[in-house]
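Hi,

Here is the model I promised to send over. Have a look at it first, and then read on for what turned up when I went through it.

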Amino acid sequence: ATLRLPATGGMADVLIERIEPPHALFAIGANATACALLSAGHALGWHTTLVDRSQERLQEAGLPPGARAVHAHPQTLHDAVALDCYSSVVVMTHNLAQDLAWLAALHAAPVAYLGAIGSRERVSRMLQDLSSPIANLHAPAGLDIGSETPAEIALAIAAEISATLNGRNGGPLRDSDGALHP
């Protein structure tokens, strides 16, 4: 938008542009897939954070460039990090009980994307064991691109997050009716 405002010696045209804060990506669980996801997020310009309940795992994780580490437990997560509508969180501890604790802590978090990794069978167990359903949970997290390796899984998750942020379903471009690259 532009505004015309009075200024010394006449009028001035002022351009007003909304600038949203950078997206923040939080990976919960220090492991190779989490680090690969943080690398992908950093490449997309997102602020990246690895969260784990073990200080030792955080130190051994080998953080990718640009990522920060936060030591937190499910009960202290909201004190340790600021989550808002410009945030995405992916729970990926590879431990069902821990994943459930983190998801319970994130139940009402106002995040743009909440995901959890796991096989369909594991995710089914996870959903059954949750004390209450989480409407916006993406589980298993990621788009179906045949991912096997940590880097491929990270790519699939980053793509699903990006699609969600952009209001897309993540299908092939050839099937899209909307503008491809605005």
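What percentage of the 182 residues in the chain is buried? The answer is 37%. Keep in mind as you read that this is a predicted model.

First, the overall layout. The chain has six helices and eight strands, and starting at the N terminus they come in the order β-β-β-α-β-α-β-α-β-α-β-α-β-α. The C-alpha trace spans about 70 × 40 × 35 Å along its principal axes. If you take the contacts with a separation of 6 or more, 52% of them are between residues 24 or more positions apart.

Now the inside. Nonpolar side chains tend to be buried together in soluble globular proteins. Here the largest nonpolar core has 24 residues, and Leu83, Leu103 and Leu106 have the most contacts inside it. Strand 3 (24-28), strand 6 (87-91), helix 4 and strand 7 (113-116) each give two or more residues to this core, with helix 4 supplying the largest share, five residues.

Next, two helix pairs. Two packed helices are described by the angle between their axes and the distance between the axes.

Helix 4 (residues 96-106) packs on helix 5 (residues 120-129) at about 50 degrees, with the axes 10 Å apart. That angle makes helix 4 oblique to helix 5, and the crossing is right-handed. On the helix 4 side you'll find Leu96, Asp99, Leu100 and Leu103, which meet Arg122, Arg125, Met126 and Asp129 of helix 5. By class, that contact has four nonpolar, four charged and no polar residues.

For helix 1 (residues 32-43) and helix 6, the axes cross at roughly 50 degrees and come within 8 Å. Helix 1 and helix 6 are therefore oblique to each other, and their crossing is right-handed. Helix 1 brings Ala32, Thr33, Ala36, Leu37 and Ala40 to the contact, while helix 6 brings Pro150, Ala151, Ile153, Ala154, Ile157 and Ala158. Those residues divide into ten nonpolar, one polar and no charged.

Finally, a few single residues to look up:

- Thr48 sits in strand 4 (residues 47-52). Is Thr48 buried or exposed? Thr48 is buried, because its relative accessible area is 3%, under the 20% cut-off. Not counting residues up to four places away in sequence, Thr48 touches Leu25, Leu38, Gly41, His42, Gly66, Ala67 and Arg68.
- His94 is in the loop between strand 6 and helix 4. Its phi is near 65 degrees, a positive value in a residue other than glycine. His94 counts as exposed, because its relative accessibility is 52%.
- Pro140 is in the loop between strand 8 (137-138) and helix 6 (150-165). The peptide bond leading from Ala139 to Pro140 is cis, with omega near -5 degrees.

Cheers

How values were computed:
Residues are numbered from 1 along each chain as its sequence is written. This is a predicted model: local features need pLDDT of at least 70, side-chain atom pairs count only at pLDDT 80 or more; totals for chains, interfaces and linings use all residues. Side-chain values use heavy atoms; hydrogens and water are left out. Axes are lines fitted to C-alpha atoms, for helices over the stretch in contact, and angles run from 0 to 180 degrees between N-to-C directions. Helices (H or I, at least four residues) and strands (E, at least two) are DSSP runs, numbered from the N terminus. Angles under 35 degrees count as roughly parallel, over 145 as roughly antiparallel, 65 to 115 as roughly perpendicular and the rest as oblique. A crossing is left-handed if the near helix is turned anticlockwise from the far one by less than a right angle, and right-handed if clockwise. Contact means heavy atoms within 4.5 Å. Ala, Val, Leu, Ile, Met, Phe, Trp, Tyr, Cys and Pro count as nonpolar, Asp, Glu, Lys and Arg as charged, and the others, Gly among them, as polar. A nonpolar core is a set of buried Ala, Val, Leu, Ile, Met, Phe, Trp, Tyr and Cys residues joined through side-chain atoms within 4.5 Å. Buried means under 20% relative accessible area, exposed over 50%, partly exposed in between (1.4 Å probe, protein chains only).
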